[in-house]
Amino acid sequence: MDRQQVIGMVMMLILLTVYFTFFAPDPPVEEPIVATTESVVQPSQVSRDTTTTAFTPLADSIKDGQLKEKFGAFAAIASGKNSEVALENDDIKVSINTRGGFVSSVELKNYKTYNGEPLILLDEQSSEMNLSFGGQNRNLKLNDFYFKPSVTSKKVSGNDSVTVTLRASLSTGQYIEHAYTIYGKGYEIGYSLTTKGLENYLSQEPVVLQWKNDVKRVEADLKDSRIRTTINYYTTAGETDELSATSEDLEEETISESIQWVAIKQKFFTAAIIANDGFSGAYVATKYAVADTTKVKEAMVSLTLPSERWKNSGVVGKLYFGPNEYNTLKDVAPEFSSNINLGWSILGWINKGFTIPVFHFLEGFITNYGIIIIIIVILMRLILFPLNYKSYMSMAKMKVLKPEIDEIKAQYPDDMQKQQSETMALYQKVGINPLSGCIPMLLQMPILFAMFYFFPNAIELRQVSFLWAHDLSTYDSVLNLPFVIPFYGDHVSLFTLLMTASTILYTWSNSQMTTVQGPMKTLQYIMPITFLFFLNSYAAGLTYYYFVSNILSFGQQILIRRFVDEDKIKLKLEENKKKNANKKKSSFQQRLDEAMKAGNASRKKK
């Protein structure tokens, strides 16, 4: 669910809550990715063929005698033996292909796929990097050239680190060089791509770093993976943006401003290129075919670099291949944590400032994540108790006033405007703000929506079982249906059923305290039923949280009732009525009366 959908749902909840509680009337007696703009990426620099994921080196199909003609001075590096350089630390295994010198595969050692296999984030069949540049009136690509590594394998651990170079030498003092620095732990790899002594061979055309990636399927729910997989990027001006993740059509964008990093972000994992000085522009695109279940999405990234940068400093920065874990991502690069969708504005603040720190603190003492969620709910209930108490007191006052409100309705049975006017006047006399019960409930909504973002994106819950749920990061299915129910799915989530039942119970309990009657009272139950369908395929951790929250809220309400004396409330309201007997109507009430009179006059004319 994107930002616009959430805003729409919030507004709908606000309007329904206010209307049903205070103003309701009585009942009557997934094509190939192609760059479309040439301002950043020239047609000659970008391969338009995306039917395969691997580039075909020209040197493999050319006889030795033709290398000089095809590659000029670069013919010296256009032949050689292809091999892999293996790098490993405590968390990842990385392979680098000596043909081209780019990363060809990455395995995340601490994670498994949904079916228990090693988690290969990318490999030579699914991902390919290349760099196109001009030289001696030729369009050249690094994947046509062979590099000599300084070592063939290296494993580091702890606080150690090692830098491995892959160099393609035209002659002494003239070369292209990749340098990779791998640290003892973590998912960051220092990276640089530089040239030396080649100024006379390189053209003035921009250099294009290409990355084509068929995102591999590592989660069981392919549909959910697709709507959470996209390309994010961050400009050197300090702004983040992304392609639409939910579209089945080709999503593409040509970026003319400088960008510091670009990431192919999945639900729980991210692969990214970060440049210290940024790239001068980019083209990014994603697409998928619904029927193709072999991959999540096709992603294409083309990054441009001015020729002068290529000749002098090259590309200097780092690569990231790892989990979408907030405390890990926030230190990688500016705004890199935005690769986890924790919600915008206040929703993100709640998750970053409260939910995540508390969650990780409790992890240090408790291994059962179901218990951790219960504790988080209890903490939330304690924090929100003053608001819940205020809301309940407001409803209790409304309940005490119900007989008088019923008298007003009986006195003006056919005049709804008069009923509302007199009711508002009664509220003013007894000193009640009719919206005071709604405001505390609305103030709690950001927390509910913050959880909506946290639980489906919390990698901590990935493949964690609790009770009957085998994985709290996806839906819990207690019954797989042989058919698909529209807007519901092909399975039954028990946590969603429990959440719905507890929401209906809580709604029923609240309805005993309001003045809403007839069909409008029944309409209050539409929202819980709607969420039954909407959340059936959402993370079990989320619906479990809502279920526990509902139960504790219901218990909290019962506890408050034991300490609230409605007779005392009634006496207090009577005292307020005597004090305010001669009090003039408020400006708001006066404007409301005028508006109602104008409305009545208009209807009479008709």
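I worked from a predicted model.

**Entry 1: the nonpolar cores**

I began with the inside. The largest nonpolar core has 127 residues. I listed the residues with the most contacts inside this core: Phe74, Phe133, Phe145, Ile176, Tyr180, Phe336 and Tyr545. Helix H9, residues 438-457, gives the largest share of this core, with 9 residues. I then found a second, separate core of 18 residues. Met393, Ile408, Leu426 and Val430 are among its members.

**Entry 2: a nonpolar patch outside**

Next I turned to the surface. Which residues form a nonpolar patch there? I noted Ile378, Leu379, Leu382 and Leu552. Together they have about 320 Å² of accessible area. Helix H7, residues 369-411, supplies the largest share, 3 residues. I looked up Ile378 on its own. Ile378 sits in helix H7. Its relative accessibility is 39%, so I logged Ile378 as partly exposed.

**Entry 3: salt bridges**

I counted 13 salt bridges. Side chains of opposite charge can pair when their charged atoms come close.

Lys109 and Glu88 came up as a pair. Their side chains meet in a salt bridge at 2.9 Å, N to O. Lys109 is in strand S3 (residues 103-112) and Glu88 is in strand S1 (residues 84-88). The two are 21 residues apart, and the pair links distant parts of the chain.

Glu177 and Arg167 followed. The closest N and O atoms of this salt bridge are 2.7 Å apart. Glu177 lies in strand S10 (residues 174-183) and Arg167 in strand S9 (residues 161-171), so the bridge ties together parts 10 residues apart in sequence. Glu177 counts as buried because its relative accessibility is 13%. Arg167 is partly exposed at 33%.

I then took Lys318 and Glu188. Their closest N and O atoms are 2.9 Å apart, in a salt bridge. Lys318 belongs to strand S20 (residues 315-323) and Glu188 to strand S11 (residues 188-196). Lys318 is partly exposed at 22% relative accessibility. Glu188 is partly exposed at 23%.

I closed this entry with the network. Salt bridges link Asp214, Asp292, Lys295 and Glu298.

**Entry 4: His491**

I looked up His491 in strand S22, residues 489-492. Is His491 buried or exposed? Its relative accessibility is 2%, so His491 counts as buried.

**Entry 5: Lys311**

My last stop was Lys311, in helix H4 (residues 307-311). Lys311 has 9% relative accessibility, so this lysine is buried. Which residues touch Lys311, beyond neighbours within four places in sequence? I found Thr195, Glu199, Leu202, Ser203 and Gln204 in contact with Lys311.

Technical notes. Residues are numbered from 1 along each chain as its sequence is written. This is a predicted model: local features need pLDDT of at least 70, side-chain atom pairs count only at pLDDT 80 or more; totals for chains, interfaces and linings use all residues. Side-chain values use heavy atoms; hydrogens and water are left out. Helices (H or I, at least four residues) and strands (E, at least two) are DSSP runs, numbered from the N terminus. Buried means under 20% relative accessible area, exposed over 50%, partly exposed in between (1.4 Å probe, protein chains only). Contact means heavy atoms within 4.5 Å. A nonpolar core is a set of buried Ala, Val, Leu, Ile, Met, Phe, Trp, Tyr and Cys residues joined through side-chain atoms within 4.5 Å. Patches are made of residues with over 30% relative accessible area and no salt bridge: like charges are joined within 9 Å, nonpolar side chains (Val, Leu, Ile, Met, Phe, Trp, Tyr) within 5 Å. Accessible areas come from the Shrake-Rupley method with a 1.4 Å probe; for residues, only the protein chains shown count as cover. A salt bridge is a side-chain nitrogen of Lys or Arg within 4 Å of a carboxyl oxygen of Asp or Glu.
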